[in-house]
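Subject: Structure handover

Hi,

Here is the structure you were waiting for. Please open it next to this email.

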Amino acid sequence: VSISKGNHRHFMLKEIYEQPIVVAQTLRSYLQRLEERVTLPVPDDFDLAAIRRVTIVACGTSFYAGMVAKYWFEQFARVPVDLDVASEFRYRAPVMEEAGLMIVISQSGETADTLAALRHAKAEGQKIAAVVNVPTSTMAREADLLLPTHAGPEIGVASTKAFTCQLAVLAALAANFARARGRLSPDEEREIVTHLAEAPAALNAALSYDEAIAAMAPAVAGARDVLYLGRGTDYPLALEGALKLKEISYIHAEGYAAGEMKHGPIALIDEAVPVIVIAPSGPLFEKTVSNMQEVQARGGKVVLISDAQGIAAAGKGCLATIEMPEAHPLIAPLVYAVPVQLLAYHVAVAKGTDVDQPRNLAKSVTVE
Ligand code: G6P
């Protein structure tokens, strides 16, 4: 694999742009397009149907992929899911019952806290599945079920393409789980396969808004604080958006569940705090928009990321809108990752920070 920036100014931008290809590459090993089935590389002695509880553990961006997966596993497979950052999980005396599956998610497969959590769970008799990008990594070797992402080498310290590939694998796993638990009819499975297979094209469409996002980045670059709001699977995306912005532009940012805003962060709202609202049209749209209007009523400047329908319904009065293609709820988290990545990227470029090597951060954290 050649590791160069190609025509891109930074590895991060190159990796953002690789997403349609690497997500397609990843999905190829999980979807049987012709048979319209989702298939995992599950060994014979690994019985998904026997799993009674799932524990998802990861750090950083990988943790937010896990948070999206929790919504999916619960909704599609009706399996109880416990979720924690690895550094907390390891030391909180978690209760791990029989027939439990731990899923670790890690780009590097070497993050010390996640690896410690894996080993602890294994010692407690849990089955281990690992969603990792480095197939030769320690976590890959120690797992009972290896679910690789095929993102290729990720050089930018701030994770981008690994995240969307993790989401692709976790969506396939959610579907597999649902089938194993008798909760997915062949028709539903066919529908899931169809929508997942649409993800690369939808990511491409999302990338076409790059220039528009670059044009509005200066409006955010001057801020000292930025809030990100979302509900459902857009809540982890709000957290991921805030993390990306902090990591590479050094602007203080917080992600909040939109409905939780009135319990604190609303006190921060004034015209100096841009609020990025992630709200695709769908069942939660109205709820998120009503939180957005609470922000606007207090003079807050809103950047709404939604689809054409959502922007037509609620875009008036926003500082800016970023229009995404229509996306099925299962692939929306992948699609909406693109604008939050691009926004962080362009804000960082506007501020002149070292995008690929942000201060104080390491690509792989192999000490506790
Ligand atoms: C570091 C990186 C992040 C990454 C996190 C988890 O903090 O800077 O981009 O999300 O580690 O890494 P992992 O390799 O376990 O996904």
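Below are my notes on the ligand shell, the helices and the core.

First, a caution: this is a predicted model.

Ligand shell. There are 16 residues around the ligand. G60, T61, S106, S108 and T111 come nearest. By type, the shell divides into 10 polar, 5 nonpolar and 1 charged. Helix 3 (residues 60–77) supplies the largest share, 3 residues.

Helix 3. This helix has 18 residues. From first C-alpha to last it reaches 25 Å, close to the 26 Å expected at 1.5 Å a residue. Of its 18 residues, 15 are buried, so helix 3 is largely enclosed by the rest of the structure. R78 follows the helix, and its phi is positive, near 55°.

Core. The largest nonpolar core holds 126 residues. Those touching the most other members are V104, A168, L170, A174, L196, V277 and V335. Helix 7 (residues 161–180) gives the most to this core, with 14 residues.

What does V277 touch, leaving out residues up to four places away in sequence? The list is L229, T288, M292, V302, V303, L304 and I305.

Helix 2. This one spans residues 19–28. Its buried residues are Q19, P20, V22, V23, T26 and L27. They pack against helix 1 (11–17), strand 1 (31–32), helix 7, helix 8 (186–197), helix 9 (199–207) and helix 14 (332–351).

Best wishes

Notes: Residues numbered from 1 in each chain as written. Predicted model: local features only at pLDDT ≥ 70, side-chain atom pairs only at ≥ 80, totals over all residues. Near = placed C-beta within 6 Å. Helix = DSSP H or I, 4+ residues; strand = E, 2+ residues; numbered from the N terminus. Nonpolar A, V, L, I, M, F, W, Y, C, P; charged D, E, K, R; others polar. Expected span 1.5 Å × (residues − 1). Buried ≥ 20, exposed ≤ 12 C-beta atoms within 10 Å, placed from the backbone. Core = buried A, V, L, I, M, F, W, Y, C linked by C-beta atoms within 7 Å. Contact = placed C-beta atoms within 7 Å.
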